[in-house]
Amino acid sequence: MFYLVGLGLGDAKDITVKGLEIVKNAKRVYLEAYTSILTVGKDALETFYGRPVILADRHLVESESDTLLDDSATEDIAFLVVGDPFGATTHTDLVLRARQKGVPYQVVHNASILNAIGCCGLQLYNFGETVSIVFWDESWRPESFYDKIGANLNRRMHSLCLLDIKVKEQSIENLMKGRKIFEPPRYMSVKQAAEQLLEIVDNRRSQNVPEADIRLNEDSICVGVARVGAETQTICTSTLKSIVSCDLGGPLHSLVIPGQMHPLELDMLKLFTTDQCVIDILNKLYT
């Protein structure tokens, strides 16, 4: 059997009882290590599980997945995923490949950022399309994520923005020369995401886009969250221009852009700020 086991969001103890039983009995256990991270490392997982865990990087999962699946035809293989197994399209692809090969599989679900984001007080059924904000570089500065947020705002819906992760990435030079040299891991912060969004706002104004069409601007309310599900979870309600100064600590971060809010949602957002200017903005939104 090929098992995809969700680990939740916090630490080693967030695995379900069913998932832990599978881990203890499997022939081999792999930890997918590039779409998300826990607040603890592989060593902590091995200590809690009482057995070795093999790190599975992008190359193994996307290019050598046949090895994982072929072994699962005769052995129990556990594939551990931070959050829920279906939180990333890569894992859906693994299920499709398992079906094509006739390999039996089982999924053990767990909490993911997609439902745990309710911790900020915004109601889950009022969220629109999830948005990914990517790192810019010198030659690639897309703005499509801003437009997706705008589309959600036009529908009065909230936006959960997942922030970019770069793990075991190669520079263009090393990639072209075939050198297995990897860049240090990078995890986008709320500050970096907000700075990119603010630059897009400036770009739109320089292009004479009507102010009414700039749905997200520097005075928009937003919510930064960090390490959701962990004991060090942090939430900050602020404006887009002010949240660049909020120190949310280490990764992983996410950014939420609220749409139209119910009074209960406004009450909740006020729990996560001491900025009177932000509180005044929220008070004006009551209807």
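**Charged pairs**

Author: Happy to: Arg 205 is partly exposed, at 28% relative accessibility (buried means under 20% relative accessible area, exposed over 50%, partly exposed in between, with a 1.4 Å probe and protein chains only). Do keep in mind that this is a predicted model, where local features need pLDDT of at least 70 and side-chain atom pairs count only at pLDDT 80 or more, while totals for chains, interfaces and linings use all residues. Residues are numbered from 1 along each chain as its sequence is written, and side-chain values use heavy atoms, leaving out hydrogens and water.

Arg 205 makes a salt bridge with Glu 218, their closest N and O atoms 3.0 Å apart (a side-chain nitrogen of Lys or Arg within 4 Å of a carboxyl oxygen of Asp or Glu). This pair links distant parts of the chain, 13 residues apart: Arg 205 is in helix H9, and Glu 218 in the loop between H9 and S10. Helices (H or I, at least four residues) and strands (E, at least two) are DSSP runs numbered from the N terminus. Glu 218 is partly exposed too, at 22%.

Glu 143 and Arg 204 meet at 3.1 Å, N to O. Arg 204 belongs to H9 (190–206) and Glu 143 to the loop between S6 and H7, so parts 61 residues apart in sequence are tied together.

Lys 148 bridges to Glu 129 at 3.6 Å. Lys 148 is partly exposed at 37%, as is Glu 129 at 41%. In total, the count comes to 12 salt bridges.
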